[in-house]
Amino acid sequence: QLQLVESGGGLVQSGGSLRLSCMGSGIALDSWAIAWFYAAPGKERELEREGVSCISHRGGDVPNYADFVKGRFSISRDNAANTVYLQMNDLKPEDTGKYFCVKDVRCQWPLTAGMYNSWGRGTQVTVST
């Protein structure tokens, strides 16, 4: 089955770090731009998800970040591992939610959740005070 699988979430204290992974299953991620979205608690509908970051598959392109994560989150890819990572540092309670990754032919910034109709299960991030 062709899909993206998110992992790496968990419970962390405010100020802590997590690294989320988006792994391709049956999909070669080096041919795709990969974007991360975030669903805040209580906002379960796909259209309510917010774009967090996006990384192109073309070398030289600069990744995109939402203002609320700039300076704290970093996106990267490891093509050998067929994985895209979202390094989350200095986490805040308002970062709590479920995180999803999607693929696209390019980073269409700002990200719009309504443009995507294939979502994985996501990975839950909970930041305690």
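**Disulfides in the predicted model**

Modeller: A search of the whole structure finds two disulfides, a disulfide being a pair of cysteine sulfur atoms within 2.5 Å. This is a predicted model: local features need pLDDT of at least 70, side-chain atom pairs count only at pLDDT 80 or more, and totals for chains, interfaces and linings use all residues. Residues are numbered from 1 along each chain as its sequence is written, and side-chain values use heavy atoms, without hydrogens and water.

Biologist: Which hand does the disulfide of C22 and C101 have?

Modeller: The sulfur atoms of C22 and C101 are 2.1 Å apart. The torsion about their S-S bond is about 80°, so the disulfide is right-handed.

Biologist: How many residues apart are C22 and C101?

Modeller: Strands are DSSP runs (E, at least two residues), numbered from the N terminus. C22 sits in strand β3 (residues 18-25) and C101 in strand β9 (residues 97-104). The pair links distant parts of the chain, 79 residues apart.

Biologist: Are C54 and C107 buried or exposed?

Modeller: A disulfide joins C54 to C107, S to S 2.1 Å. C54 lies in strand β5 (residues 50-55) and C107 in the loop between β9 and β10 (123-128), so the pair ties together parts 53 residues apart in sequence. Buried means under 20% relative accessible area, exposed over 50%, partly exposed in between (1.4 Å probe, protein chains only). Both C54 and C107 are buried.

Biologist: What pattern do the disulfides follow?

Modeller: Count the bonded cysteines along the chain. The pattern is 1-3, 2-4.

Note on methods: Helix = DSSP H or I, 4+ residues; strand = E, 2+ residues; numbered from the N terminus.
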